[in-house]
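Please view the sequence and the structure below, and then read on.

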Amino acid sequence: MPINTINAMTSAEISNMTSDQLNNLSTSQIGNIKLSNLTTTQISQINTTNVSYFTKLNNLGSAQLRALTTDQLNSIATSVIKKLNVIDVQRLSTTQVSGLDAAHLTSVKSLSLYNSAQLGSIGSGLQNIPATSFKQFTPKQMPGLTVNQVANLTTTQIGNLVPGSFNALTTTQFDALLSTQIVGITKAQFNSMDAVDLQALGTDIVGMTSMQLVNISPAKFKELTSNQISNFTTKQIDKITPKQFKSMSLNQMVSLFTSQINAINTMQIKQIP
């Protein structure tokens, strides 16, 4: 069938083509089909070889776009996926998004285009997203992450979340962080957390490094629970800055064990009224 014949076909003629007819088209012919005239059934039946020659998806309606299987989506060039706008991306079902391979998942213009439900549907696939790309996530997306996703983030992925997005995690999500992940939290992230979120870290907070500890503002430090303070190592107690030590509440002070008290240095002692 000549290309000019394809171009001259009416929407009714295109929508009446069988799956065999569609799948027997050459790559140049399939590239000239008006995709918006295909039915959802036709779209779902096109083989991945022919789907791979789709040059744009923007003109598909919601139902048509959702008719694409994950295998079909993964066969489409990533350059085509990159052309999708926020409306197109959020038309994709969670099933479609969860089936995208890493290359297609990250080929959108920005990861901020996914909604929170889509982000949660990715599951363990979130671990395959480059850490530097985590800067693209927005506060609105964060609540969609499952506790399993949060518990499996790498320290570099955590550290690349902008403070606003990091602070948008729920207390349940903060509670899911492991002590080994705490080292990924940046100074800006720590100081963006409110008291409830800081306390949600529980005793896993002892996983922070000395550098992280001294970078916590005194205002944030005094919001730590007595249980968190009492789980600090003697090395961490020694690293508490004079201003942090001065900000400690009476409850925090009395929670210290003998070994911790013995670790208090002279600069800290000078802060006691």
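## Overall fold

The secondary structure of the chain consists of 27 helices and 0 strands. The chain has a radius of gyration of 27 Å, well over the 19 Å given by the globule rule for 273 residues, so it is more spread out than a compact globule. The model described here is predicted.

Of the 273 residues, 41% count as buried. Among contacts between residues at least 6 apart in sequence, 70% join residues at least 24 apart.

## The cavity

A search of the whole structure finds 1 cavity of 30 Å³ or more. The volume of the largest cavity is about 30 Å³.

Which residues line the largest cavity? The lining is formed by Leu73, Ile81, Leu84, Leu92, Leu100, His104 and Tyr114. By class, this lining has 6 nonpolar residues, 1 polar residue and no charged residues.

Gln228 is part of helix H22, which covers residues 226–230. Is Gln228 buried or exposed? Its relative accessible area is 1%, under the 20% cut-off, and therefore Gln228 counts as buried.

The side chain of Gln228 reaches the backbone oxygen of Gly202 at 3.0 Å. Leaving aside residues up to four places away in sequence, Gln228 touches Leu198, Gln199, Leu201, Gly202, Thr203, Ile205 and Val206.

Notes:
Residues are numbered from 1 along each chain as its sequence is written. This is a predicted model: local features need pLDDT of at least 70, side-chain atom pairs count only at pLDDT 80 or more; totals for chains, interfaces and linings use all residues. Side-chain values use heavy atoms; hydrogens and water are left out. On a 1 Å grid over the protein atoms alone, a cavity is a set of points where a 1.4 Å probe fits but cannot get out, and a pocket is an open set with protein on both sides within 12 Å along at least five of seven lines; lining residues have an atom within 4 Å of a point. Grid points are joined across faces, edges and corners, and a volume is the space filled by probe spheres set on the points. Ala, Val, Leu, Ile, Met, Phe, Trp, Tyr, Cys and Pro count as nonpolar, Asp, Glu, Lys and Arg as charged, and the others, Gly among them, as polar. Helices (H or I, at least four residues) and strands (E, at least two) are DSSP runs, numbered from the N terminus. Buried means under 20% relative accessible area, exposed over 50%, partly exposed in between (1.4 Å probe, protein chains only). A polar contact is a pair of N or O atoms within 3.5 Å; within protein, one must be able to donate a hydrogen and the other to accept it, and residues adjacent in sequence count only if both atoms are side-chain atoms. Contact means heavy atoms within 4.5 Å. The radius of gyration is taken over C-alpha atoms; the globule rule is 2.2 Å times the number of residues to the power 0.38.
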